[in-house]
Amino acid sequence: MPRYEFRCRACGDTFEVNRPMARAGEPASCPQGHADTVKLLSTVAVTGRGGSVGGGAPAPTGGGCCGGGCGC
């Protein structure tokens, strides 16, 4: 189940809420009972096996219009 991060505007506490994606936009009350909260934008890191880019292929390097991967 996805985890969403919120911050309470009243006390400044940051907290997480687990809920289905269908309820992602719903407001959440802070654990201290305050209702004035805002949903924070979170980043997600996704890696393949071994944590390498492209499943083991080296990342493209060099110049050109597309990073040198096509030989232009």
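Modeller: To begin with a term, buried means under 20% relative accessible area, exposed over 50%, and partly exposed in between, with a 1.4 Å probe and protein chains only. This is a predicted model, in which local features need pLDDT of at least 70 and side-chain atom pairs count only at pLDDT 80 or more, while totals for chains, interfaces and linings use all residues. Residues are numbered from 1 along each chain as its sequence is written, and side-chain values use heavy atoms, with hydrogens and water left out.

Colleague: Is C8 buried or exposed?

Modeller: C8 is buried, at a relative accessible area of 2%.

Colleague: And how many disulfides does the structure hold?

Modeller: The structure holds 0 disulfides, a disulfide being a pair of cysteine sulfur atoms within 2.5 Å. For C8, the nearest cysteine sulfur is that of C11, 3.6 Å away. C11 is partly exposed, with a relative accessible area of 38%.

Colleague: Where is C30 found?

Modeller: C30 lies in the loop between β2 (14–18) and β3 (37–39); strands are DSSP runs (E, at least two residues), numbered from the N terminus. C30 is buried, at 5% relative accessible area.

Colleague: Which residues does C30 touch?

Modeller: Not counting residues up to four places away in sequence, C30 touches C8, C11, F15 and T37; contact means heavy atoms within 4.5 Å.

Colleague: Turning to rings, how are F6 and F15 arranged?

Modeller: F6 and F15 form a stacked aromatic pair, 5.8 Å centre to centre with 15 degrees between the planes. Rings of Phe, Tyr and Trp (its six-membered ring) pair if their centres lie within 6.5 Å; planes under 30 degrees apart count as stacked, over 60 as edge-to-face and the rest as tilted. Both F6 and F15 are buried.

Methods. Helix = DSSP H or I, 4+ residues; strand = E, 2+ residues; numbered from the N terminus.
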